[in-house]
Amino acid sequence: MYRWILDPADRDAVSAHVELRKTSHEHLVLVEISCARSSEELLSIRTAYHARYKRSLEEQVYDYTKGNTRKLLIALVSAFRYEGEEINKRLAKSEAKEVHETIKYIKLHNDDFIRIITSRSKTQLQATFNFYREGEGTSITKMPNKSKDVLSTLRITIRCLKDPIKYFEKVLRNSIQRLGTDEDALTRVIVTSAEKDLKEIKELYCKRNSVRLDDAVDKDTKGDYKDMLLTMLGNEV
């Protein structure tokens, strides 16, 4: 309920603050806030963060992360992407090759690579990812998954940028199907998506798991917590 009563920007600011103090190596919340929100929304989150904690989000990311992960996350939370549909196919094809070289040889310190991932519009990145698939015969989301490494954060970043609906469906699936419900992830996705794209996430969940998300939540949770989630999912309890 605490998350729900906050306005969206303040809610994300609080979530980012909590996330930075965890020992997580992937920083899921920071990636989600940076990649699934619009540029205007991300700007509002940074403003809300500064108003609440008297320090910038970028400064806090610097203080609580390190190495290439720090470089990637600072660029992500600082981004202000073009939101239009215009793309440059020649640029996309060229940058697809650069992305491939960086991933293949794990040159994640490459500033140009980080610039591509963190500053190009999402439409432009889709074109780049499509050219990557054409050249490599596989999706960019199939890159190596190494935990406790910037590659893991980068993989999540690309998944969230490429298809947020598919990304959040997987977060929900993992939160319910794991041994012991991941209530933080389950709550986070439902609360932050309730006023936006929860309908599409629910449809994909049902399609991929052959069970309604409402039924999965009903089976896996209990009490007032269950009632709250089911209400947000559009059920009368």
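User: What do the buried residues of helix 14 pack against?

Analyst: A quick word on terms: helices are DSSP runs of H or I, at least four residues long, numbered from the N terminus. Contact means heavy atoms within 4.5 Å. Here, the buried residues of helix 14 pack against helix 11 (164–177), helix 12, helix 13 (198–209) and helix 15 (223–232). This is a predicted model, where local features need pLDDT of at least 70 and side-chain atom pairs count only at pLDDT 80 or more, while totals for chains, interfaces and linings use all residues. Residues are numbered from 1 along each chain as its sequence is written, and side-chain values use heavy atoms, with hydrogens and water left out.

User: Which residues of helix 14 are buried, and where do they sit around the axis?

Analyst: Buried means under 20% relative accessible area, with a 1.4 Å probe and protein chains only. In helix 14 (residues 213–220), that gives Leu 213, Asp 214, Ala 216 and Val 217. They fall within an arc of 165 degrees seen down the axis, so they line one face of the helix. The arc is taken from the directions from the helix axis to the C-beta atoms.

User: Which residues touch the most other members of the largest nonpolar core?

Analyst: Such a core is a set of buried Ala, Val, Leu, Ile, Met, Phe, Trp, Tyr and Cys residues joined through side-chain atoms within 4.5 Å. In the largest one, with 61 residues, the answer is Ile 190 and Val 217. Helix 10 (residues 150–162) supplies the largest share of this core, 7 residues. Not counting residues up to four places away in sequence, Ile 190 touches Leu 172, Leu 198, Val 217, Leu 229, Met 232 and Leu 233.

User: Is Thr 187 buried or exposed?

Analyst: Thr 187 has 12% relative accessibility, so it counts as buried. You'll find Thr 187 in helix 12 (residues 183–193). Leaving aside neighbours within four places in sequence, Thr 187 is in contact with Arg 3, Tyr 225 and Leu 229.

Note on methods
Helix = DSSP H or I, 4+ residues; strand = E, 2+ residues; numbered from the N terminus. Buried < 20%, exposed > 50% of the residue type's maximum accessible area, 1.4 Å probe, protein only.
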